[in-house]
Amino acid sequence: MAPITGKGDSGGSDSRFFTTQKKGEMHELRMELHSTDRTAKVDAVKKVIASMTVGKDVSMLFTDVLNCVQTGNIELKKLVYLYLINYAKSQPELTLLAVNTFVKDANDPNPLIRALAVRTMGCIRVDRITEYLCEPLSRALRDEDPYVRKTAAVCVAKLYDIAPGLVQERGFLEVLHDLISDSNPSVVANGVAALSEIAETSGRDVMKISAAVLQKLLAALNECTEWGQVFILDSLAKYTPADAREAEGIIERVTPRLQHANSAVVMSAVKVILAYMEVMGGANADAIRNLTRKLAPPLVTLLNSEPEIQYVALRNINLIVQKRPNILEDEIRVFFCKYNDPIYVKMEKLEIIIKLVSERNIDKVLLELKEYATEVDVDFVRKSVSAIGRCAVKLERAAERCIGVLLELIKTKVNYVVQESVIVIKDIFRRYPNRYESIIATLCDNLDTLDEPLAKASM
């Protein structure tokens with residue numbers, strides 16, 4: 001057993017390996033790499049990896065590090081493999097020396113080492129290595145251990161990136177299709193992920209979901225990791241159900257994912273449901289109404305996440321409300337901007353507010369937009385003023401109220417507010433000719449403040 005380190009020893013923290021190097025450190029490292037003491041050897045490789053991480057060139061130690069790979073210690077093996085992946089491109093000839101080790105490790109009794117060998121060979125993007133990868137990869141895809149199989153599935157996608165012809169020639173795509181019917185959900189998820197990646201690279205539909213495969217995917221959905229679920233849901237979104245009944249059956253199995261903690265899973269589930277609602281058509285009006293009710297809460301919940309996730313969710317919601325505004329028609333309040341929202345979130349929220357505005361909520365929206373027009377961010381204020389104009393163009397009955405708000409804003413005499421108001425009033429005049437000419441006098445009073453070409457042209 002390894003001795004217990006004392007409190008003063010920094011053995012527990014690997015940050016010590018990142019301390020600045022002394023002169024002649026390379027020679028010292030070389031000596032340590034040839035040490036017979038296993039701990040010293042592991043520490044030496046860690047120092048090499050640390051130097052590599054901060055951008056120092058340690059390629060001159062390639063053969064010394066490579067010699068350390070002949071070990072049963074999995075930690076040391078991982079470190080050496082990490083070093084090899086990094087320098088394989090610049091030292092392809094020397095990397096070939098490690099091939100025998102890879103092939104030997106791919107037959108190791110320990111599944112972790114078998115998987116590690118196949119994964120590393122897949123990450124080394126050197127043509128000569130790929131020739132040697134096929135045999136171990138073929139065995140790994142049919143390995144008894146699911147961990148090795150799921151690692152090998154991802155490796156096929158990596159190999160396709162370098163040598164697509166080789167993947168087809170060796171029948172690896174057929175093996176990936178077999179893995180979708182695997183008993184282990186993680187293997188199924190990785191098989192789907194690999195096929196999705198290959199489909200993206202090649203531009204061909206290599207997934208080919210049949211009725212039997214569909215049931216396997218839906219069964220794996222409940223048991224695999226959240227990222228596995230994302231891959232499965234994304235591939236389901238590309239599948240076209242045979243009829244409305246099948247679409248409804250799949251939606252029923254996917255709906256529980258709307259309550260998932262991971263926002264990517266929620267968005268993927270929404271994508272599947274929206275795609276299948278098209279297949280269901282107008283015949284199932286009640287079912288579609290129920291689904292519409294179920295989709296609103298998860299989308300609203302996404303807006304309580306971090307700003308970056310909110311932004312991605314808002315971009316997607318923007319597309320959803322263009323297709324089905326009724327999903328969020330009663331939820332317009334959640335898109336009102338908070339004072340601490342980042343500007344990119346505020347801008348997206350404004351776009352969605354304009355799409356959801358209606359006769360029922362226009363008064364609330366106008367109050368809100370008028371408030372935004374007094375903010376400090378000039379771009380946001382301009383966008384808010386522009387939004388008031390777009391509401392007027394969209395809702396004929398509310399046009400007068402919108403113009404009233406714009407005139408109040410013009411009276412503030414704030415230069416950029418006045419200029420943006422003039423620009424949007426031009427659009428309102430075009431939409432409703434000969435109706436609001438009475439306000440031209442007010443606009444003329446502010447002629448002196450107009451200095452932007454667009455505002456002058458609008459006037």
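Reply: One cut-off before we start: a residue is called buried when its relative accessible area is under 20%, and exposed when that area is over 50%. Also, this is a predicted model.

Me: OK. Is S268 buried or exposed?

Reply: S268 has a relative accessible area of 6%, which is under 20%, so S268 is buried.

Me: Which helix is S268 in?

Reply: S268 sits in helix α16, which covers residues 263-280.

Me: What does the side chain of S268 pair with?

Reply: The side chain of D234, through a polar contact of 3.1 Å.

Me: And which residues is S268 in contact with, leaving aside its neighbours within four places in sequence?

Reply: V230, L233 and D234.

Me: Next, S235. Where does that one lie?

Reply: S235 belongs to helix α14, residues 226-237.

Me: Buried or exposed?

Reply: S235 counts as buried, because its relative accessibility is 4% and the cut-off for buried is under 20%.

Me: What lies 2.7 Å from a polar atom of the S235 side chain?

Reply: The backbone oxygen of I232.

Me: Then what are the values for α20 and α22?

Reply: Helix α20 (residues 362-372) packs with helix α22 (residues 399-411) at an angle of about 15 degrees, and their axes are 11 Å apart.

Me: Roughly parallel or roughly antiparallel?

Reply: Angles under 35 degrees count as roughly parallel, so α20 and α22 are roughly parallel to each other.

Me: Left-handed or right-handed crossing?

Reply: α20 and α22 cross in a right-handed sense.

Me: Which residues meet there?

Reply: From α20, I362, D363, L366 and K370; from α22, R401, C402, V405, E408 and L409. By class, this contact of α20 with α22 has 5 nonpolar, no polar and 4 charged residues.

Me: Last one, V378. Which helix?

Reply: V378 is in α21, residues 378-394.

Me: How many Å separate the C-alpha atoms of V378 and K323?

Reply: 31 Å, with the two residues 55 residues apart along the chain.

Notes. Residues are numbered from 1 along each chain as its sequence is written. This is a predicted model: local features need pLDDT of at least 70, side-chain atom pairs count only at pLDDT 80 or more; totals for chains, interfaces and linings use all residues. Side-chain values use heavy atoms; hydrogens and water are left out. Helices (H or I, at least four residues) and strands (E, at least two) are DSSP runs, numbered from the N terminus. Buried means under 20% relative accessible area, exposed over 50%, partly exposed in between (1.4 Å probe, protein chains only). A polar contact is a pair of N or O atoms within 3.5 Å; within protein, one must be able to donate a hydrogen and the other to accept it, and residues adjacent in sequence count only if both atoms are side-chain atoms. Axes are lines fitted to C-alpha atoms, for helices over the stretch in contact, and angles run from 0 to 180 degrees between N-to-C directions. Angles under 35 degrees count as roughly parallel, over 145 as roughly antiparallel, 65 to 115 as roughly perpendicular and the rest as oblique. A crossing is left-handed if the near helix is turned anticlockwise from the far one by less than a right angle, and right-handed if clockwise. Contact means heavy atoms within 4.5 Å. Ala, Val, Leu, Ile, Met, Phe, Trp, Tyr, Cys and Pro count as nonpolar, Asp, Glu, Lys and Arg as charged, and the others, Gly among them, as polar.
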